[in-house]
Amino acid sequence: MKIFRAFEDYLEAMLMMKEKHGYIRSIDVAEALGVTKPSVTYTTKRLRENGYITMNKDGLITLTDLGMEVASRTWNRHKLLTEFFMRLGVDEKTAREDACKVEHDLSEKTFEAICRHADLEKQKYPDGKE
């Protein structure tokens with residue numbers, strides 16, 4: 001199933017919220033992504049319908065295994081591409097912004113070639129898979 005770029009951004013932000021706060025709230029996701037609360041409500045509904053997240057009665061969000069896989073893969077790509085761009089001499093702010101743009105569209109084959117070329121170690125996902 002092809003996942004939309006926005007879904008990847010939301011899931012990545014949710015993973016960062018989970019790591020930072022220990023919980024995920026819609027308001028924190030809205031703030032992190034610079035979007036409105038209605039935008040988050042719309043997207044979280046779609047993410048729930050597609051099996052990427054669950055929400056409890058208090059509105060706290062939990063990433064499903066599928067959601068965690070996508071979030072981890074996206075965050076891993078973001079971190080490694082940022083590091084790669086910085087090794088090329090790009091300043092950190094620009095490297096992070098460019099990594100966010102590239103992480104969604106780069107094929108796995110090209111991403112792995114960049115990692116090999118730059119001797120970047122791909123990190124493991126939380127469930128132990130690459």
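The model is a predicted one, in which local features need pLDDT of at least 70 and side-chain atom pairs count only at pLDDT 80 or more, while totals for chains, interfaces and linings use all residues. Residues are numbered from 1 along each chain as its sequence is written, and side-chain values use heavy atoms, with hydrogens and water left out.

Read from the N terminus on, the elements follow the order α-α-α-β-β-α-α-α. The C-alpha trace spans about 45 × 30 × 25 Å along its principal axes. The radius of gyration of the chain is 15 Å, which agrees with the value near 14 Å that a compact globule of 130 residues would have; this radius is taken over C-alpha atoms, and the globule rule is 2.2 Å times the number of residues to the power 0.38.

Of the 130 residues, 38% count as buried, a word that here means under 20% relative accessible area, with exposed meaning over 50% and partly exposed in between (1.4 Å probe, protein chains only). Among the contacts with a separation of 6 or more, 58% are accounted for by residues 24 or more positions apart, contact meaning heavy atoms within 4.5 Å.

For residues 8–64, UniProt lists "domain: HTH dtxR-type" in an unreviewed entry; its positions are given in the numbering used here, feature names are shortened, and annotations may be inferred rather than shown by experiment. Over residues 8–64 the chain is 61% helix and 11% strand, and the end C-alpha atoms are 14 Å apart.

Helix 2, which covers residues 26–33, can now be looked at in detail. Its buried residues are Ser26, Asp28, Val29 and Ala30, and what covers them includes helix 1 (5–21), helix 3 (37–49), strand 1 (53–55) and strand 2 (61–63). After helix 2 comes glycine 34, whose phi is positive, near 70°.

Aspartate 28 counts as buried because its relative accessibility is 11%.

Key:
Helices (H or I, at least four residues) and strands (E, at least two) are DSSP runs, numbered from the N terminus.
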